[in-house]
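Subject: Structure handover

Dear colleague,

Please find the structure below, followed by some notes on what came out of it.

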Amino acid sequence: MIRNKIIEELKRITGANDIQLSFPEREEHGDFTTNVALVAAKDKGKNPREYAHELVKSISQVDSLMQIISEIKIEGPGFINFYLKEKYLVKILESIDESYGKTTSNVGQKVMFEYGQPNTHKLPHIGHLFSYVYGEAMTRILEATGWKVMRVNYQGDIGPHVAKALWALQKRKPVIPNSAYEKAKLLQRMYQEGSKAYDDGESAKAEIDDLNKKIYAHNEEVFALWQETRGWSLDYYQEFEKRLGINYDKYYFESQVGEEGKKKVKKHTPGIFKESEGAIIFEGSKYGLHDRVFVTKFDTPTYEAKDYYLEQKKFEDWPCDLVIITTANEQNEYFKVVFKALEKTHPGYVGKLKHIGFGMINLKSGKMSSRTGNIISGAELVDVVITDVAKLGNNNETSEMVGIGAIKYSFLKNNPLQNTAFDIQESISIEGNSGPYIQYTFARTQSVLAKSNLQGETLKVNNLEVEELSVVKYLIRFPEVVANAAQNYSPNLVANYLFELAQKYNTFYNKHKIIGGEKEQFRLLLTAATGQVLKNGLELLGIEAPKKM
RNA sequence: GCGCCCAUGGCUCAACUGGAUAGAGCGCUUCGCUUCGGACGAAGAGGUUGGGGGUUCAAGUCCCUCUGGGCGCACCA
């Protein structure tokens with residue numbers, strides 16, 4: 001990348017090892033800009049602009065750079081702005097293909113990425129949908145920078161929520177439907193009934209608690225039912241994940257890690273862990289965190305013990321450089337404690353565990369709860385949107401692509417760490433800053449290309465018009481944007497880039513005629529390159545790009 | 001009470017991690033197909049970046065403080 005070349009030269013000339021070379025916000029400030037002169041002037045005892053002049057003089061003597069740079073200007077208080085030659089820009093355009101956007105900075109590194117984590121015996125809510133969508137986009141972006149990724153899911157298939165659903169199922173004896181979706185919906189209803197009975201207290205509470213213990217103990221009375229209903233949920237999730245374009249490499253289940261977790265904790269008790277009031281706890285408070293119970297006084301493992309073991313199992317199953325877990329940010333403090341405990345017993349894990357706490361999704365009516373049933377399930381949201389899109393006259397396959405694209409994009413366009421007020425209307429929007437807008441722009445490029453003939457002959461291009469330049473200059477940023485998104489775990493950087501690229505292309509499109517005329521070949525090339533980058537970018541977000549819609 | 005996070009036009013969000021004139025979408029007011037897809041484009045109104053201090057060449061971004069919110073703090077997941 002040209003950018004790295006410039007950085008290397010600046011390092012050599014200034015002797016600094018941290019050079020900021022960024023894309024200016026305004027096009028009139030060049031293609032790259034650096035503030036080195038401003039930063040270093042003081043130490044050198046020089047006036048920034050004066051120092052900038054010295055630097056520019058040195059850079060101008062580097063031939064390999066000057067072949068692609070048309071001009072270097074000093075502007076404002078002392079910014080150095082680089083302008084690239086149009087000839088070079090066009091050369092990049094010609095090189096854009098399916099692999100454009102990929103870089104190699106993380107080649108050789110392995111990361112295990114946990115996301116999704118829906119519970120069995122319930123329907124996925126919007127938070128789960130977010131996790132699926134974010135995780136899938138993020139893993140694709142990491143792969144684009146060279147990471148080898150193992151995608152894993154971790155599902156709560158045991159515990160009170162399961163007992164509640166099974167309790168109600170046994171009491172109500174409902175007719176069992178056929179499809180996986182209907183069965184999953186039935187379990188959701190049973191869970192809600194069980195929860196209600198549990199909260200209303202009296203006999204139900206005791207019965208459900210008892211049932212819960214029996215499930216853990218694999219008691220014959222309930223074990224078969226537990227297995228069967230768990231299967232319903234897993235069948236349903238398989239369908240749901242397929243629909244979302246998600247393929248896991250490995251599934252972990254809560255029911256598999258409890259016992260071992262308890263054992264592992266006890267192995268370090270006393271020591272890393274400590275008995276307190278009959279329970280086994282980890283004293284996070286010694287490290288500026290808070291204390292948490294890992295094994296209860298009833299000798300059952302808590303979620304903490306399960307995670308404590310699960311992370312160890314991950315490293316054993318697939319030795320890697322980094323384990324990432326995504327959850328809602330309400331678990332931020334929880335994971336700090338669990339990670340600290342892991343690091344105490346396994347010093348080798350230091351720096352290899354990362355938790356990403358994404359923002360909570362809040363509906364207008366307030367935070368959603370799967371317990372009260374006051375929710376729109378992730379599944380329902382998908383259905384609603386696709387029905388809406390189908391009304392526009394698309395075929396089923398396209399409606400599916402556009403509808404799911406709309407939902408995914410609405411999640412991905414924002415900073416993942418920020419809580420968001422979720423508006424269903426907006427998530428299914430197909431105008432403005434939306435997935436369908438970008439898909440539409442892609443379809444438009446394909447439509448133009450289909451009606452013409454891009455020959456790939458040498459292009460004579462000079463004096464590009466502002467709308468053309470604006471697109472070209474934005475196209476060259478793409479690899480940098482992807483790298484940045486990977487580094488910051490922020491797919492929104494890619495999403496917003498694609499939106500702005502589409503905007504710039506549409507502005508160009510509305511103002512200039514592409515087919516026919518002297519510039520036809522160049523404009524077709526520009527169209528092809530834009531289409532390719534939109535497609536590559538959408539793919540990184542896990543969004544499909546239909547050729548017609 | 002203690003800890004973590006957040007506050008940007010009417011609404012939902014950006015701002016390349018301290019840079020140049022704080023940008024978009026929705027909504028509102030106008031306008032544009034004798035051109036290839038109008039799910040589009042052009043123009044306009046709308047901001048003291050919650051308040052107050054500070055740091056520096058430069059602060060929405062860093063520090064302090066106040067106000068207002070979210071989340072978490074022992075046997076749930």
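Of the 75 residues around RNA strand B, those that come nearest are E277, T296, N415, G432 and S447, where a residue is near a molecule or strand if its C-beta atom, placed from the backbone, lies within 6 Å of it. This is a predicted model, in which local features need pLDDT of at least 70 and side-chain atom pairs count only at pLDDT 80 or more, while totals for chains, interfaces and linings use all residues. Residues are numbered from 1 along each chain as its sequence is written, and chains are lettered from A and ligands numbered from 1 in the order in which they are written.

The surface near RNA strand B divides into 27 nonpolar, 33 polar and 15 charged residues, counting Ala, Val, Leu, Ile, Met, Phe, Trp, Tyr, Cys and Pro as nonpolar, Asp, Glu, Lys and Arg as charged, and the others, Gly among them, as polar. Helix α17 gives the most to this surface, with seven residues; helices (H or I, at least four residues) and strands (E, at least two) are DSSP runs, numbered from the N terminus.

Strand β5 (residues 110-114) is mostly covered, as four of its five residues are buried, meaning that 20 or more other C-beta atoms, placed from the backbone, lie within 10 Å of the residue's own. Five bridges join β5 to the parallel strand β6 (residues 148-155), and two strands pair if DSSP finds at least two bridges between them. On the other pairing, with β11 (residues 322-328), β5 is also parallel and has four bridges, with I325 as the bridge partner of E114.

Best regards

How values were computed: Buried ≥ 20, exposed ≤ 12 C-beta atoms within 10 Å, placed from the backbone.
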